[in-house]
Amino acid sequence: MSKNTNNKTTKEKVHSATITGITAPYKTDLFTRIVSLSPTFLLLLLILPVLGGLVCVLLPAFSWVTALEQTTVSLQGFHDLWQTPGLTQMVALSIATGLLSTLLAFVMTLMILAAFFNSVWLNRIEHLLSPILVIPHAAAAIAVGFLIAPSGMFSRLISPWLSGWELAPDGMFPHDPYGISIILGLTLKELPFLLLMALGALAQPELGKKLRQQYKVALNLGYYPITAFFKAVLPVLYPFLRLPILAVLAYASASVEMPLILGPNTPPTLAVTIMQWFNDVDLNLRIKASAGALLQLALTGSLIALWLGSERAIKTCFNGTLLNGKRHYADALWQKITAALTTVVIGFILLALIGLLMWSVAGFWRFPAVLPEQLVLLHFQSAFTQMSTPLFNTITIGIVSTVFAIVLTLLCLEAEQLSQKPLSTFTSLIIYLPLLVPSIAFLFGLVWLQQLVNNQTAFFNVAFTHLLFVLPYVFLSLASSYRRLDPHFAHVAASLGATPAKVFLQVKLPQLFAPILIAIALGLAISFGQYLPTLLAGGGRIATITTEAVTLANGASRRTSAVYAIIQMALPLVGFILAWVLPKYFFKSGKNSSR
Amino acid sequence: MKLSDTSEAVSRVLAEKSANNNDKGSVDLIWINGANFATMSENSLLLKQWANKLPNFALTDPENNPAVNFDFGVPTNGMEAPWGQAALTFYYDSLSTDKPPTTLNELVNWTAQNPGRFSYPKPPDFLGMSFLKYALVMLHENQDAKIGKNIKAQLNLPATEQNTDMVLAPLWAFLDDLHPTLWRKGEQFVQTGAHMRRLVDDTELSLAFTFSAPEVPAAVQRYDLPESIRSYAMSDGSLSNTHFVAIPYNASHPQAAQLVANFLMSPEAQAKKQTPDIWGDKTVLVLSTLNPEQQALFKDNKPHPSALPFDSIKRTVNEPHPSWVDAIMQGWQTRYGVSP
């Protein structure tokens, strides 16, 4: 983010001659007033629900629940929490799965970047992995489960000719007590995210150019490619990855879908347990659940602190190494390991997707057959007859929250240009707030707040809650394009007498057509994938494809859950294909100029 | 409105009560029984004295049929309209095992011979609790005869600090023996009955059970279970209960909800619901109260090979008092909730 602002200031310097006197004292009208208020609105929109939600979980944690006629402050909730059998294991499982999956995804991102930096393979890998980004966590977990189960694809491929298994063996995955399945699922899902974030940073013209030059210089100085990446590129690139990594860490340590579908249940992770307590018949468990939510908050907070601390430590330890002049560290071997690992990851994902497709059309498919006995469309047909309401909800909620997020983001970015001041670091951090605070910790409080304000329109509550998660991604996705916009067009239009509103609508937006579509597709994908916010804010009354998919995932039919997982993947994919195709037919020139 | 668990609706109504929403509730009708009903009725979250006034309630022969007036031993006081009945029935994969166990004692021997091929849903899952209750009742029937005491009678009374340990001790001894022979050595349990059914399809399990027998042939027709599945009832007894619909005290449309509840009890709706292709849930109506045309609605001509054979339930066992659910659940959680 700070790099962007640097970009901007340099640009401003370049263009300051043209800018002065033309746009600076713009005429205030309704549009500019709305625009200048929008950053404050954005801040309130993000801070109030998150902090409000946290406060409303704090009160019951100290046994203050008016509904249960408890209005005395006590530590009973925490006392009950400590007495929970297996609490240590739950916490350990949350920490281990959160930390290890983030670390693995991060290390693999670095390995892929280092091994394929400046190679055509980097783009190919990006293209292969980026569709994974839009696959909701639940669908990914379902696909991984199909692969690693005792009766899964791996086991079928070697049975009975090699293993001698006529019945599915007594296996360990998924639901293994060590959380390996969860780590596997989370890693596969977070790897493409981190990789794309890194590539996104590298796509910034000046930064990318600078890093590629440094890399070339290092190569010319005799550094081997991987070493050159770690010594010349990573130190500059890492700051751009920090927030995405922390978001991944926060998510992984508190997520619900993956551990629910792939994790153990004796005991489950802390986040899953908290969710079960909140939903339990015994209403007094609410107090314990709130105390648990605070523990989750502390857990995620400590993990983030641990990460930042290790970051410092590594920086101090390896500062000397950066400058020691050593040109290679078994580079050839690492190159091979990375290539092999990347192939395994991509192969794993492909096999999982093939398995998913086959289950969705499978008739009888007894273990250990590799292929189903018959292919039927029955599962799609019966799913479609029940799908209309969830599908309608998914799409309308997605559209409402995304449109709102896009409009607000555009207004904020326009405010930045009108005032010629970049958003403060504080604001930039706050945009990440809903991604950094574990949703399980603030959502329950938020739902309680929403109950007080309005409890009739569950649809609105869900769309609003989705907005909290859609907004950060839409903002990140649009910000760099908006800030890179060539200001000449706007200046010319303004000098011809166009009002700021006209410049915004008729000059800037058409140029941004392609990036806006991508942001819309991303926003929709994020909204489509939300599980916990939909479940809680909607009180179970708003069914979406994702809530259905999670409910079905541990249910009776692999076939039906495969169908739902495929629909879950198809929806965002349609969005991205449209975002990719439409600019080819509309505002062609706009697309070119924004490049 | 879809819930992954009825307890979510209970949470919802409570949240509304706490937000002082006393007449515009979001829930109009809940499908409920057992512990959820006990909780809601204790917290006065349900509308009272309406179900017994519905016209179709008479068709359940309430005078002679306590199953529609008591929910797990708790009087319903007109807060619930009966909707369906269920009995614990078992099913097995005939390609994996040809002699399924028909009593609780045989079950222990069977799992010893077929290690890893049986499991039960993790409490507090309703079906898992039902299996434990079935085991508890059977254990006392077998033991009481030997030691000449009637401990089983305690199961119809509330669980107290005095009787809990004595009544539950045989169950823990039984489970200590059983668990090492279960799926994943009893260190991990299936989540739900549906999960258990999927594992039967995966051939990980060879024996499973359900509270809704018609669900089994229906799953075979959907390819979700192999054709080699056969259903049967335990010869030593099948745990059985009734399920109901109830109206929250703050429902927005209580009149409409009563109309729906009355419709759900009509011979047409009940017959449709009992049709194997639709749902196959056993009716709560007593057929002798119906006229011949209405009775004809309930006939099934071609039973599916995987379906529970007609009148295979020889003996039904009543649900223990609902307070035992909590006692079993807590004891289970302390002993087995965290794998070593």
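## Two packed helices in chain A

In this predicted model, a set of residues in helix α22(A), namely F513(A), A514(A), L517(A), I518(A), I520(A), A521(A), L524(A), A525(A) and F528(A), meets L571(A), P572(A), G575(A), F576(A), L578(A), A579(A), L582(A) and P583(A) in helix α25(A). By class, this contact of α22(A) with α25(A) has 16 nonpolar residues, 1 polar residue and no charged residues.

Two packed helices are described by the angle between their axes and the distance between the axes. Here α22 of chain A covers residues 513-529 and α25 of chain A covers residues 558-585. Their axes come within 9 Å and cross at roughly 175 degrees. Angles over 145 degrees count as roughly antiparallel, and therefore α22(A) is roughly antiparallel to α25(A).

## Where chain A touches chain B

Helix α25 also has a part in the contact between the chains: α18 (439-453) and α25 of chain A each supply at least two residues of the side of chain A that touches chain B. Of the elements on that side, α18(A) gives the most, with 3 residues. In total, 43 residues of chain A are in contact with 48 residues of chain B.

The table sets out, by class, the residues on two contact sides.

| Side of domain 1 of chain B that touches domain 2 of chain B | 7 residues | 5 residues | 1 residue |

## Chain B and its two domains

What is the second row of the table about? The domain assignment of chain B gives domain 1 (6-86 + 241-305) and domain 2 (87-239 + 317-336). Each domain is thus listed as two stretches of the chain. The contact between them takes 13 residues from domain 1 of chain B and 13 residues from domain 2 of chain B. Taken over C-alpha atoms, the centres of the two domains are 26 Å apart.

Chain B as a whole has 11 helices and 9 strands. Its radius of gyration is 20 Å, close to the 20 Å that the globule rule gives for 340 residues, so chain B is as compact as a globular protein of that length. Along the principal axes, the C-alpha atoms of chain B fill a box of roughly 55 × 50 × 40 Å.

Of the 340 residues of chain B, 52% count as buried. Among the contacts in chain B with a separation of 6 or more, 80% join residues 24 or more positions apart.

Terms used
Residues numbered from 1 in each chain as written. Chains lettered and ligands numbered in written order. Predicted model: local features only at pLDDT ≥ 70, side-chain atom pairs only at ≥ 80, totals over all residues. Helix = DSSP H or I, 4+ residues; strand = E, 2+ residues; numbered from the N terminus. Rg over C-alpha atoms; globule rule 2.2 N^0.38 Å. Buried ≥ 20, exposed ≤ 12 C-beta atoms within 10 Å, placed from the backbone. Contact = placed C-beta atoms within 7 Å. Nonpolar A, V, L, I, M, F, W, Y, C, P; charged D, E, K, R; others polar. Axes fitted to C-alpha atoms, helices over the stretch in contact; angles between N-to-C directions. Parallel < 35°, antiparallel > 145°, perpendicular 65-115°, else oblique.
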